[in-house]
Amino acid sequence: MRLHLNGETREIPDVATVADLAARLELPAFGSAVELNGEVIRRRDQAATPLKEGDRLEVVRLVGGG
């Protein structure tokens, strides 16, 4: 499936939901966020949120430090 991920068009096979994409990208359970077409998707809703060709996603990982 062709998705726009963090401003880059990428072909990502075998993803049907936001949860599939999070697993494929090995996102940590805490400290990450996914925005789909301008809407933040809560972790509890990711498995029920389908992806479709051409979706735009922003994925961020929180980084701590000082």
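Me: Which residue is the bridge partner of Ser-32 in β5?
Reply: In β5, Ser-32 has Arg-61 as its bridge partner; strands here are DSSP E runs of at least two residues and helices are H or I runs of at least four, both numbered from the N terminus. Before going further, note that this is a predicted model, in which local features need pLDDT of at least 70 and side-chain atom pairs count only at pLDDT 80 or more, while totals for chains, interfaces and linings use all residues. Residues are numbered from 1 along each chain as its sequence is written, and side-chain values use heavy atoms, with hydrogens and water left out.

Me: And how do β3 and β5 run, parallel or antiparallel?
Reply: β3 and β5 run antiparallel and are joined by five bridges, where two strands are said to pair if DSSP finds at least two bridges between them.

Me: What does Arg-61 touch, leaving aside its neighbours within four places in sequence?
Reply: Arg-61, which sits in strand β5, is in contact (heavy atoms within 4.5 Å) with Leu-25, Glu-26, Leu-27, Gly-31 and Ser-32, once neighbours within four places in sequence are set aside. For Gly-31, the C-alpha atom lies 5.7 Å from that of Arg-61, although the two residues are 30 apart along the chain. The side chain of Arg-61 also reaches the backbone oxygen of Leu-25 at 2.9 Å, which is a polar contact (N or O atoms within 3.5 Å; within protein, one able to donate a hydrogen and the other to accept it, with residues adjacent in sequence counting only if both atoms are side-chain atoms).

Me: Zooming out, what order do the five strands of the sheet have?
Reply: The five strands form an open sheet in the order β2-β1-β5-β3-β4, and the pairing is mixed. Its edge strands are β2 (8-11) and β4 (39-41), each of which pairs on one side only. From one strand to the next, the twist averages 35 degrees, with axes taken as lines fitted to C-alpha atoms (for helices over the stretch in contact) and angles running from 0 to 180 degrees between N-to-C directions.

Me: How many bridges do β1 and β5 pair over?
Reply: β1 and β5 pair over two bridges, in the parallel sense. Opposite residues in β5 are Arg-56 for His-4 and Leu-57 for Leu-5.

Me: What about β1 and β2, parallel or antiparallel?
Reply: β1 and β2 are antiparallel, joined by four bridges, and they form a hairpin with two residues between them, where Asn-6 in the turn has a positive phi of about 50 degrees. Arg-2 stands opposite Glu-11 in β2, and a salt bridge (a side-chain nitrogen of Lys or Arg within 4 Å of a carboxyl oxygen of Asp or Glu) links Arg-2 and Glu-11, with the closest N and O atoms 3.7 Å apart.

Me: How many salt bridges does the structure hold?
Reply: The structure holds four. Among them, Arg-42 and Asp-45 have their closest N and O atoms 3.0 Å apart, and the side chains of Lys-52 and Asp-55 meet at 3.1 Å, N to O.

Me: Are Lys-52 and Asp-55 buried or exposed?
Reply: Lys-52 counts as exposed because its relative accessible area is 52%, whereas Asp-55 is buried, at 3% (buried is under 20%, exposed over 50% and partly exposed in between, using a 1.4 Å probe and protein chains only).

Me: Where is Asp-55, then, and what else does it reach?
Reply: Asp-55 lies in the loop between β4 and β5, and its side chain reaches the backbone nitrogen of Lys-52 at 2.8 Å. Not counting residues up to four places away in sequence, Asp-55 touches Arg-2, Leu-3, His-4, Leu-36, Asn-37 and Pro-50.
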